[in-house]
Every structure is written in C-alpha cells, then in structure tokens.
Amino acid sequence: MKVTEIFIYPIKSCQGISLTHARITPKGLKNFYETAFYDRQFMLVDEKGKFLTQRQYPQLATIQVEISEEKLYLRCENNNISDFELTPSIGKELVNVNVWRDYTIAIDQGEEVAKWFKEALKIDISCRLVQQSDDYIRSINPNYSIKENQPVSFADGFPFLLTNTASLEELNQRLTNKYPEEKPHFFMNCFRPNIVVNTEFPFIEDTWKKIQIGEIKFDVVKPCSRCIVTTTDQKTGTINPLKEPLLTLSTFRNTSDGIMFGQNLIAVDEGIIKIGDKLTIK
C-alpha cells in the first residue's frame, strides 16, 4: 500500500493543489516547498461570519489557487474576470467567524479580494476572505482528539482526510452496472482528500486504527460523512443531475452517522510525506 496522490486546499472549497511532497503539521498539510501556507488556512464567510462552501455555492470549484513564495494567485476558470494576486496579511481586521459548531476569530483579508470573489462567483451577497489566526486555536472535537486543545484548520473537522483507490474503483464499478450505457466514471477529486493510497481492497481503511505513512504515524479517528459536494464537478462547478456518485454510494455505505467514504486522520508525528511512501498498519 502506497501513497499515490497528495492534495492541499489553501482556501476551503476552492480547487486543490496536487503535490509530490507535503509537510505534516498538527493543523494539516503544508506545502513542502512554500511553507507559508497550509491546508484550509483560508475560507470565505458571509456578512455574519458564517463559512461558505460548495454546498451553497458549487461555483467555488471553479476558483483555481496557486502558491508562489508568500502569495496566493487566484483564477476563475469559467469567468473572464482578471486573475487576483493576494499577499496575505496578519495585520488586518480581526473578525468573528463560524465553522459548523465552532466559533473563532480570523483575519479579514480586505475589500479588494472580497470584491473579486463576489464578482468571480457571481453571487448577490457580501462575502469576505479570512485567514486563520495563530493566536486563536480552533480545537478538534475532544471526543476524537489525542491531546487537549489539539488544533485544526478551517477543515470541516479534522486535519487530514485519507481515501483509498480500491474504494473508488468499487464505487465506479457499481455506477457502471447501474448505468451500463453511460458508463459514468468519477475521479477522486470529488471527495477532496488530502492523502490517497493505493490498495487492493475496497474500504479496508474502515478497519484501520493506527497507520504509518513513511516515517509519520497517524491515528485513524473517524469515517468521513459525505454530502452534496461529491456531486459537484471539481473543475466546472456543475452539479450532477442524477446526484451521483452520492446516490449510488448511499445504497451501500449509508450508516446512522451518514454516507461514508474515506477516513479522517490525526497526525501523531510531524515530518514529510511524499508520493510513493509505503503505508503500514500499526
């Protein structure tokens, strides 16, 4: 079992960046070469500070994010709006923000980038781009954390999400059987993972409690409950009219806690992982 893909999403719900190496930190992945940015360090919020995602605005999937030195470069793939160059600032206004049940304080990134997102997404509400502040810890749910006040980024709940290629192959085979003429095929990016591993056995990740990737140990803490975002094309922002692959996934992965695909991880160690690293069960 080996790592086949690594992804970081600097802005929550925008397009991910594929990496060959990544740094494991308590909050999540960091770009190995450009260490200023980590996974879900930024997010959009509405005028009340509530987080915005592809659940409400699937067109967020069209926002491409690139990292260069200390800057983020933003591009909208299906809008002729000009690209935007953002130099994040920790010295701007502090604002109250809300992610699910969590309330914390973040750093507003200013009027210009807020206007750019509003135009790029073609939305009629006010929105703001905010950056997580290192001075205000957002903690992992204590029912799952491995130590007190363990930090997490603006991810839904956990620092890392792992998926398994065999699980996706099983899902795609069921979709082919269900729609023999169309033969639909979905890619892993609709599940927005951080770490993808190659195995022979679908959903074997459900049985893991502790794993090691390269030299880094992880606790496997909770299956990931999936939502309507899985039906959004992660390049065009269009929603699958048949609500696939979520509808088919629900026929064999539905539990009392949701429709499950992938596993949430918490890192025990810090260090570097890379594509090709071996995964072992501890």
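**Pocket, helix and sheets in a predicted model**

The model is a predicted one, so local features need pLDDT of at least 70 and side-chain atom pairs count only at pLDDT 80 or more, while totals for chains, interfaces and linings use all residues. Residues are numbered from 1 along each chain as its sequence is written, and side-chain values use heavy atoms, with hydrogens and water left out.

Back to the pocket. Strand 16 gives the most to its lining, namely five residues. The whole lining of the largest pocket comes to 38 residues, and Arg55, Trp100, Asp156, Gly157 and Phe158 sit nearest the centre. A pocket here is an open set of points on a 1 Å grid over the protein atoms alone, where a 1.4 Å probe fits and protein lies on both sides within 12 Å along at least five of seven lines; lining residues have an atom within 4 Å of a point. The volume of the largest pocket is about 1,100 Å³, taken as the space filled by probe spheres set on the points, with grid points joined across faces, edges and corners. Sorted by class, the lining holds 16 nonpolar, 10 polar and 12 charged residues; Ala, Val, Leu, Ile, Met, Phe, Trp, Tyr, Cys and Pro count as nonpolar, Asp, Glu, Lys and Arg as charged, and the others, Gly among them, as polar.

Strand 10 (residues 94–99) and strand 11 (residues 102–108) run antiparallel and are joined by six bridges; two strands pair if DSSP finds at least two bridges between them. Two residues lie between these strands, and tryptophan 100 takes a positive phi near 50° in this hairpin. Further along the pair, valine 95 faces alanine 106 of strand 11. Strand 11 is also joined to strand 12 (residues 127–132), antiparallel again, by three bridges. There, isoleucine 107 is opposite glutamine 131, and aspartate 108 has valine 130 as its bridge partner. These strands belong to an open antiparallel sheet of five, in the order 6-5-12-11-10. Strand 6 (51–52) and strand 10 are at the edges with a single partner strand each, so one side of each has no neighbour in the sheet.

Helix 1 (residues 111–121) has a buried set made up of Val113, Ala114, Trp116, Phe117, Ala120 and Leu121, where buried means under 20% relative accessible area, exposed over 50%, and partly exposed in between (1.4 Å probe, protein chains only). These residues lie on the same side of helix 1, because they cover an arc of only 160° around the axis, the arc being that of the directions from the helix axis to the C-beta atoms. The face turned away from the buried side of helix 1 carries Glu112, Lys115 and Glu119, which are exposed.

A second open antiparallel sheet has three strands, ordered 4-3-19. Its edges are strand 4 (29–31) and strand 19 (271–274), each pairing on one side only. Strand 3 (residues 21–24) pairs with strand 19 over four bridges, and histidine 21 has lysine 274 as its bridge partner.
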